[in-house]
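Thanks for coming, everyone. Please look at the screen while I go through a few places in one structure.

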Amino acid sequence: SHMRIHTGEKPYECVKCSYSCTSSGNLKRHMRKHTGEKPYKCGECSYSCTTSGNLKTHMRIHSGEKLYKCAECDYSCATSGNLKRHMSIHSGEKLYKCGECDYSCITSGRLKCHMRKHSGEKPYKCRECNYNTAQIGNLKTHMRIHRSEKSYQCGECDYSCTTSGNLKIHMRKHSGEKPYKCGECNYSSAQFGNLKSHMRTHTGEKPYK
């Protein structure tokens, strides 16, 4: 059996797919992918899996053991996969790439969220109205409308609002900042919508008839 590692011989073949291997034990483990059998069960929760190695890794969640440590910072984790994903923060490497455009990112979760832009999928739905969105963060922000929750408070006056973006726009009243500038004259504004309206004085556009 050991010599097959050197010869490359793989006499054990799966009848369900093209997988082949050097030992009957490996084939037995592989077949669990097809049968769905998960003989290794966690004694702490309902988790079960196909191999003893996966169960051993899972048990670190309960024990708190973190064998894999980052050489760049004090981050540590239970699996080599998590460490690899973490290291991309330091290296800047973006392992996950979109097949539809040139977007890339460091986690599979972010790529999954991004792909909804292409698919149009909006799995997060409001229970109060017909609003739905591709990202849970957007839904959390939206729900403040129904709760009348205004988490963002102005430090200069009693103004409060539901989003950081609205607070940023409001603060320009205090700072006098007007980042939106007209390319035709010296007009500038704190809000993009105001600049858009102003530009009609140059174009002659009359949207309301």
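Which backbone oxygen does the side chain of S189 reach? It is that of Q191, at 3.1 Å. Before I go on, this is a predicted model, where local features need pLDDT of at least 70, side-chain atom pairs count only at pLDDT 80 or more, and totals for chains, interfaces and linings use all residues. Residues are numbered from 1 along each chain as its sequence is written, and side-chain values use heavy atoms, with hydrogens and water left out.

Back to S189. This serine sits in strand β14, residues 188-189. Helices (H or I, at least four residues) and strands (E, at least two) are DSSP runs, numbered from the N terminus. S189 is buried, at a relative accessible area of 3%. Buried means under 20% relative accessible area, exposed over 50%, and partly exposed in between, with a 1.4 Å probe and protein chains only. What does S189 touch, not counting residues up to four places away in sequence? K178, P179, Y180, N194 and L195. Contact means heavy atoms within 4.5 Å.

Y180 comes up again with the aromatics. The count is 1 aromatic pair. The partners are Y180 and F192: ring centres 5.8 Å apart, planes at 65°, so edge-to-face. The rule is that rings of Phe, Tyr and Trp (its six-membered ring) pair if their centres lie within 6.5 Å; planes under 30 degrees apart count as stacked, over 60 as edge-to-face, the rest as tilted. Y180 is in strand β13, residues 180-181, and F192 is in helix α8, residues 192-203, so the pair ties together parts 12 residues apart in sequence. Y180 is partly exposed, at 28% relative accessible area.

Now α8 itself. The helix has 12 residues and reaches 17 Å from its first C-alpha to its last, close to the 16 Å expected at 1.5 Å a residue. That expected span is 1.5 Å times one less than the number of residues. Just after α8, G204 takes a positive phi of about 80°.

Next, cysteines. How many disulfides does a search of the whole structure find? The answer is 0. The cut-off is a pair of cysteine sulfur atoms within 2.5 Å. Take C17: its closest cysteine sulfur, in C14, is 3.8 Å away, too far for a bond. C98 is in no disulfide either, and the nearest cysteine sulfur, that of C101, is 3.8 Å away. Are these two cysteines buried or exposed? C17 is partly exposed at 33% relative accessible area, and C98 is buried at 8%.

On to a histidine. H170 is in helix α7, residues 164-175. H170 counts as buried, at 8% relative accessibility. A polar contact of 3.2 Å joins its side chain to that of H174. A polar contact is a pair of N or O atoms within 3.5 Å; within protein, one must be able to donate a hydrogen and the other to accept it, and residues adjacent in sequence count only if both atoms are side-chain atoms. In an α-helix there are 3.6 residues a turn, so residues three or four places apart point the same way. Leaving aside neighbours within four places in sequence, H170 is in contact with C154, C157 and Y159.

Last stop, T79. This threonine lies in the loop between β6 (76-77) and α4 (80-91). Its side chain reaches the backbone nitrogen of N82 at 3.1 Å. T79 is partly exposed, at 22% relative accessibility.
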